[in-house]
Each structure stands twice: as structure tokens, then as C-alpha cells.
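Reader: Hey, could you walk me through this one? I'm new to reading structures.

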Amino acid sequence: AGTLQAEVDKVCDDYDKLTSLKISGPMNSDDRRFIQEKLLNLRDVNMSEVDMEDGRLGGFYDHRMLQHFVFPQKGIHTIEGQAFFWAPLLGDLIIPEGVETIGSYAFRDCRMTGHLILPSTLKRIEGGAFAINSLTGELHLPESLEYFGRGDYGTFQECDFEGTIYLPPSLTSLTDMNFPKMTGSIIIPRSVTTVEGFGGIGCTQ
């Protein structure tokens, strides 16, 4: 861990020309910082074989060329706040099993246009985590979910959504979950006793 820059330097003499990257083995916060600060033109990143030492994933804030990303398949418990803010990811977004927390604005303004699949291990979604995206299909919020956060933007604020949202029976409070342009249904369990800042405006069903 901590050697990513040295390894990249062996094969690349101009970071701006590096558009594709596959990483394997251990990584740490120094490696994430290198990606965040130096590798700004990445389009395709495969981290499926990465072992993140501290269990945290981030480093792609304002990576406006990034279109394809493969998550580490194990060892990640937290996706950091603003981890992929402004990264224009294409297709479906599949958050891997083991992730427990998705930080504030982690995927804000990614302009996603597909399905969002959340892991059964997820406990916290912080404010604005998926704001300003376009989602389709069935969105299942896992039974393990304990917390919807707050922020300047609601969890799904300014998202277009077409499909059905299933809320978990463990949820007791629903705040800042705004879909101003929604076509479909939201299935709310009887366990929910508090609804606040809920963006029903724009729902057609």
C-alpha cells in the first residue's frame, strides 16, 4: 500500500494521458490522494482486486472524464463523502456487499441513467448521496438501513426516477428523500412514523 504513484511512474511519464487503470493489491489513503490529485483524466477504472486497508473508498471527486468504474469486491465498508461527485458514471450502479455507509454527496451529480442496486449490508445513507441523477427500475432499500441523512440536498433530491421504490420495514423515519420528477410508486412500510421533507411534488402515481 502507498506505492501506486511509484508503480504508475514506471509505465507513464504524463499523467494527463492516462485514461485507463486497473489496480490490484493493497491500497491506502496515500494512493487515494494520488488518484484524486494527479489522475484527473481517467475514463475507466477497475479496482475489483483492490484491498483497501482502511475500508474506505474515495478519490474521484470532480473526475469529469470517469465513465466506467468497477468497485473493490471486498473489504469496503465506507464510500466517502463526495467520493464520485461530478463523475459522469454510465449505466447501472451496483454498490458491493459489505458497504455500510455512503457518505454525503458521494454520487451527487453523476448524471447516472440506470439502476441503483444497494447492498444488504447498508446501514447509513448520508444527505445528498444520490442527488441529481436519473434512476430507473426497482430500487430496494435494504432491511439493514437505519439512517437517511440530511444535507443541503435530500438523499435523492432532484433525481428523475421511473419505477418502484421499496422502503425497508426497519425504517421508522423518512426525511429528505426527494424525487421531484418521479413516475411510479413508493412502497412505505407501516413502521414509518415520521415523514419530513418528502418530495412528493412531481410524482405521477
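Reader: Are Phe85 and Tyr105 buried or exposed?
Author: Both Phe85 and Tyr105 are buried (under 20% relative accessible area with a 1.4 Å probe, protein chains only; exposed is over 50%, and partly exposed is in between). This is a predicted model, where local features need pLDDT of at least 70, side-chain atom pairs count only at pLDDT 80 or more, and totals for chains, interfaces and linings use all residues. Residues are numbered from 1 along each chain as its sequence is written, and side-chain values use heavy atoms, leaving out hydrogens and water.

Reader: Ok, and how many aromatic pairs does the structure hold?
Author: There are 13 aromatic pairs. Rings of Phe, Tyr and Trp (its six-membered ring) pair if their centres lie within 6.5 Å; planes under 30 degrees apart are stacked, over 60 edge-to-face, and the rest tilted.

Reader: Why is the pair of Phe85 and Tyr105 tilted?
Author: Their planes are at 45 degrees, so the pair counts as tilted, with ring centres 6.4 Å apart.

Reader: What about Phe107 and Phe130?
Author: That pair is stacked, at 5.5 Å centre to centre and 0 degrees between the planes. Phe107 is buried at 0% relative accessibility, and Phe130 is also buried at 0%. Both belong to one aromatic cluster, whose members include Phe60 and Phe156.

Reader: New topic: which ring does the charged end of Arg64 sit over?
Author: The ring of Trp86, 4.4 Å from its centre. "Over" means that NZ of Lys or CZ of Arg is within 6 Å of the ring centre and within 35 degrees of the ring normal. Likewise, the charged end of Arg124 sits over the ring of Tyr147, 4.1 Å from its centre.
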